[in-house]
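Dear colleague,

Please find below the sequence and structure that I am handing over to you. My findings follow directly after.

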Amino acid sequence: MSDPRSLDILGVLKALPHRYPLLLVDRVVSLDLGERIHAVKAVSFNEEYFQGHFPGRPIMPGVLQIEAMAQAAAILGIETLELAGTGKLVYFMGIDGAKFRAPVEPGCLLDLKVEFTQQRSRVYKFSGEASVEGKVTSTCDFTAMIADPPV
């Protein structure tokens, strides 16, 4: 096991092509190359989706929690394979067993914990969990692949 490292927002921006309003990782707390990542999304009331989801009771959509976990997984893959800055993209291929357990509201820090579960060539499987203050909000297993961007 390697010494875990962290990434600030500049490291996140180097690893991911995502930008506002769809960048859903603000920093990486710890990254164990080839194994796991713990990233954080600061959930702000200023997020555009809170205007309609839901007025008077703002809740982060579950699909965006899964997207945040997928972005954390993408950072794990890109950093593990030393592909940051190469233009390679990580594409979702499948989502299995998604469960939504508690609402995520503005003003919280969403912890994103993702682990590699399997690797075959350019296809990777992950297991992810999102939580707020130790309370699990969503979980899922997902598959992704690393590929060149479309031309």
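Which residue in E2 stands opposite leucine 7? The model is a predicted one, and in it the residue facing leucine 7 is valine 28.

**Strand pairing**

Strand E1, residues 5-7, runs antiparallel to E2 and is joined to E2 by two bridges. E2 in turn pairs with E3, again in the antiparallel sense, over five bridges. Within this second pairing, arginine 27 has valine 40 in E3 as its bridge partner. The hairpin of E2 and E3 has three residues between the strands, and glycine 34 in this hairpin takes a positive phi near 75°.

**The nonpolar core**

The largest nonpolar core comprises 41 residues, and Ile75, Leu112 and Phe126 have the most contacts inside it. Two or more residues each come from helix H1 (9-15), strand E2 (27-32), strand E3 (36-42), helix H2 (62-80), strand E5 (109-120), strand E6 (123-132) and strand E7 (135-147). Of these elements, H2 gives the most, with eleven residues. As general background, nonpolar side chains in soluble globular proteins tend to be buried together.

**A glutamine in H2**

Not counting residues up to four places away in sequence, glutamine 71 touches Leu16, His18, Leu22, Leu23, Leu24 and Val25.

**The cavity**

The count of cavities of 30 Å³ or more comes to one. The largest cavity has a volume of about 40 Å³. Its lining consists of Ala73, Ala74, Gly77, Val90, Phe116, Tyr124, Phe126, Ala144, Met145 and Ile146. H2, E6 and E7 each supply at least two residues of that lining. Sorted by class, the lining has nine nonpolar residues, one polar residue and no charged residues.

With kind regards

Key: Residues are numbered from 1 along each chain as its sequence is written. This is a predicted model: local features need pLDDT of at least 70, side-chain atom pairs count only at pLDDT 80 or more; totals for chains, interfaces and linings use all residues. Side-chain values use heavy atoms; hydrogens and water are left out. A nonpolar core is a set of buried Ala, Val, Leu, Ile, Met, Phe, Trp, Tyr and Cys residues joined through side-chain atoms within 4.5 Å. Buried means under 20% relative accessible area, exposed over 50%, partly exposed in between (1.4 Å probe, protein chains only). Helices (H or I, at least four residues) and strands (E, at least two) are DSSP runs, numbered from the N terminus. Two strands pair if DSSP finds at least two bridges between them. Contact means heavy atoms within 4.5 Å. On a 1 Å grid over the protein atoms alone, a cavity is a set of points where a 1.4 Å probe fits but cannot get out, and a pocket is an open set with protein on both sides within 12 Å along at least five of seven lines; lining residues have an atom within 4 Å of a point. Grid points are joined across faces, edges and corners, and a volume is the space filled by probe spheres set on the points. Ala, Val, Leu, Ile, Met, Phe, Trp, Tyr, Cys and Pro count as nonpolar, Asp, Glu, Lys and Arg as charged, and the others, Gly among them, as polar.
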